[in-house]
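Subject: Structure handover

Hello,

Here is the structure for you to take over. My notes on it follow below.

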2 protein chains.
Amino acid sequence: MGKVSASSSAHAFKVACSNCNLRELCMPVGLNDQQMQRIDDIVATRRKIKRGGSLFRNGEAFTSLFAIRTGFFKTCVATEDGRDQVTGFQMAGEIIGLDGIVNDHHTCDAVALEDAEVCVMPFDRIEELSREVTPLQTHLHKIMSREIVREHGVMLLLGSMRAEERLAAFLLNLVQRLHDRGFSQSELVLRMTREEIGSYLGLKLETVSRTFSKFAEDGLVEVKQRHVRILDTDALKAIVNSQQA
Amino acid sequence: MGKVSASSSAHAFKVACSNCNLRELCMPVGLNDQQMQRIDDIVATRRKIKRGGSLFRNGEAFTSLFAIRTGFFKTCVATEDGRDQVTGFQMAGEIIGLDGIVNDHHTCDAVALEDAEVCVMPFDRIEELSREVTPLQTHLHKIMSREIVREHGVMLLLGSMRAEERLAAFLLNLVQRLHDRGFSQSELVLRMTREEIGSYLGLKLETVSRTFSKFAEDGLVEVKQRHVRILDTDALKAIVNSQQA
DNA sequence: CGATGGGTTGAGCTAGCTCAAAAGCGGTGG
DNA sequence: CCACCGCTTTTGAGCTAGCTCAACCCATCG
């Protein structure tokens with residue numbers, strides 16, 4: 001698989017979305033062959049990122065969106081005074097980099113939480129083609145809108161839920177997305193630390209740990225380090241909608 | 001949609017973006033006459049919304065984006081169990097309704113905090129025209145990306161700031177946006193209640209009120225009900241970047 | 001094996017919450 | 001013009017969820 005530099009490398013070989021098993025996740029459906037062909041051409045290259053490496057960083061020029069092929073990312077923003085906040089965790093089939101469009105440079109960091117590979121899609125090509133292939137245009141708009149709606153959900157979580165609700169919502173969301181990708185509905189391996197979960201959820205790592213322990217004590221989940229088995233999905237759902245405030 | 005409810009009404013008369021003094025805020029710049037002409041055609045109608053009325057509600061079909069001409073809105077999402085969270089406050093020149101694109105129905109409520117008027121822009125027309133007028137396409141993408149970046153900022157605020165930092169950041173943001181629209185840099189009238197501010201900032205209304213009082217006591221602002229005069233912008237900025245955690 | 005980075009757990013603290021009372025403000029009707 | 005009502009805001013007093021600080025454990029890896 002080519003020569004890999006420090007933490008990432010660009011590859012010149014061509015890849016085909018039309019053969020990609022993640023197609024339904026990142027590409028529009030219902031394209032004819034010719035349209036599919038043209039979309040294949042959008043993916044300029046792939047890029048591998050080693051665990052801990054970054055796909056892009058705050059301040060870097062924006063040129064491309066990235067479709068995650070394998071691996072797991074976090075995105076985080078930072079204040080001037082150095083605090084930072086995880087704004088999301090992204091997995092295979094998801095599109096990353098939308099934040100860069102508005103000012104032509106990225107405003108957050110995207111860091112690989114495990115070795116990863118992404119498809120590089122130059123944004124000028126996307127815009128060009130989406131003028132001609134209507135389903136692509138529609139798809140792009142929906143992806144951006146979906147991100148806005150997702151963030152609304154995070155704001156709701158951060159603004160009005162208590163610790164247990166937040167963690168329950170987080171677990172349910174993760175396992176749902178994994179299930180959409182063909183994994184178990186009840187078992188998952190966390191790719192991130194307690195601290196990263198805490199940052200995302202607006203909690204301290206100790207609180208995350210304690211809340212995991214409480215869930216385990218109550219028989220809702222089994223937790224062994226980063227391995228989590230969900231034993232009672234309904235109880236977790238009930239916690240999210242508990243309104244116990 | 002279509003039918004006019006108690007608190008809003010649709011007007012059939014035509015309006016022209018080209019003559020609108022908010023043009024630079026909601027429309028692309030650098031268009032030629034012919035392009036401008038065509039964009040004028042996007043604005044199908046205007047719609048007035050009385051204070052307290054809603055522009056759209058969670059669950060309603062999505063057909064159009066709205067450009068705020070006058071007035072002030074809040075958007076809020078709700079959990080199944082009835083809690084809700086203000087996700088943003090929108091003022092003249094801002095675009096509202098992007099959440100509806102992904103699933104063809106709205107996922108939040110947009111409520112007028114004062115009598116308001118919006119330009120109704122059918123989204124299918126926008127998509128159609130943005131295939132032909134590249135600056136419009138670019139502009140649409142930037143608007144959506146800007147919203148994503150804005151929400152990142154809110155997540156940072158909700159996830160990692162303390163009450164004083166949140167309120168200071170909120171005031172600075174509001175006054176900045178008002179200043180961009182030609183209003184004072186230091187004086188503003190809040191269009192929302194303490195409770196709505198609290199919801200947006202993830203705080204209780206009492207905490208918002210107390211924090212205002214503390215700022216006033218410290219000589220940073222003068223507060224008389226909803227009239228706020230900022231006396232020391234730099235001190236507010238220092239609070240936002242205090243990292244006192 | 002020792003070092004290192006994550007994770008857990010305990011003990012005490014505090015920012016922000018809850019509950020409660022009272023006061024200001026704006027509209028309405030006599 | 002005044003009295004009243006409903007809504008918003010302020011302020012006080014006490015409480016608590018989640019934080020801080022600290023110790024310890026566990027897994028991995030050179």
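**Domains of chain A**

In chain A, domain 1 and domain 2 touch through 19 residues of domain 1 and 14 residues of domain 2. Please keep in mind that this is a predicted model. The domain assignment of chain A places domain 1 at 8–157 and domain 2 at 162–240. Taken over C-alpha atoms, the centres of domain 1 and domain 2 of chain A are 25 Å apart.

There is also a database annotation to go with this. An unreviewed UniProt entry puts the feature "domain: HTH crp-type" at residues 161–234 of chain A. Over residues 161–234, chain A is 55% helix and 15% strand.

**How the two chains are related**

Chain A superposes on chain B by a rotation of 180 degrees, with 0.0 Å of shift along the axis and an RMSD of 0.0 Å. The two copies are therefore related as by a two-fold rotation axis. Both copies use the same surface, since 100% of the contact residues of chain A recur in chain B. Which residue of chain A comes closest to the rotation axis? It is Arg131(A), with its C-alpha at 2.2 Å from the axis.

**DNA strand C**

The surroundings of DNA strand C consist of 18 residues. The closest are Arg194(A), Arg210(A) and Ser213(A) from chain A, with Ala163(B) and Thr207(B) from chain B. By residue type, the surface near DNA strand C has eight charged, seven polar and three nonpolar residues.

Helix 7 (205–217) of chain A and helix 7 (205–217) of chain B each supply at least two residues of this surface. The largest share, five residues, comes from helix 7 of chain A.

Which parts of DNA strand C lie within 4 Å of the protein? Of the atoms in that range, 66% belong to sugar or phosphate, and the rest belong to bases.

Several side chains of chain A have polar atoms by the phosphate oxygens of DNA strand C:

- Ser213(A): a polar side-chain atom lies 2.6 Å from a phosphate oxygen of DNA strand C.
- Ser209(A): an N or O atom of the side chain is 2.9 Å from a phosphate oxygen of DNA strand C.
- Arg226(A): a polar side-chain atom is 3.0 Å from a phosphate oxygen of DNA strand C.

Regards

Key:
Residues numbered from 1 in each chain as written. Chains lettered and ligands numbered in written order. Predicted model: local features only at pLDDT ≥ 70, side-chain atom pairs only at ≥ 80, totals over all residues. Heavy atoms only, no water. UniProt positions renumbered as here; feature names shortened; annotations may be inferred. Helix = DSSP H or I, 4+ residues; strand = E, 2+ residues; numbered from the N terminus. Near = heavy atom within 4 Å. Polar contact = N/O pair within 3.5 Å; in protein donor to acceptor, adjacent residues only side chain to side chain. Nonpolar A, V, L, I, M, F, W, Y, C, P; charged D, E, K, R; others polar. Least-squares fit on C-alpha atoms with pLDDT ≥ 70 in both. Contact = heavy atoms within 4.5 Å. Domains from an automatic or database assignment.
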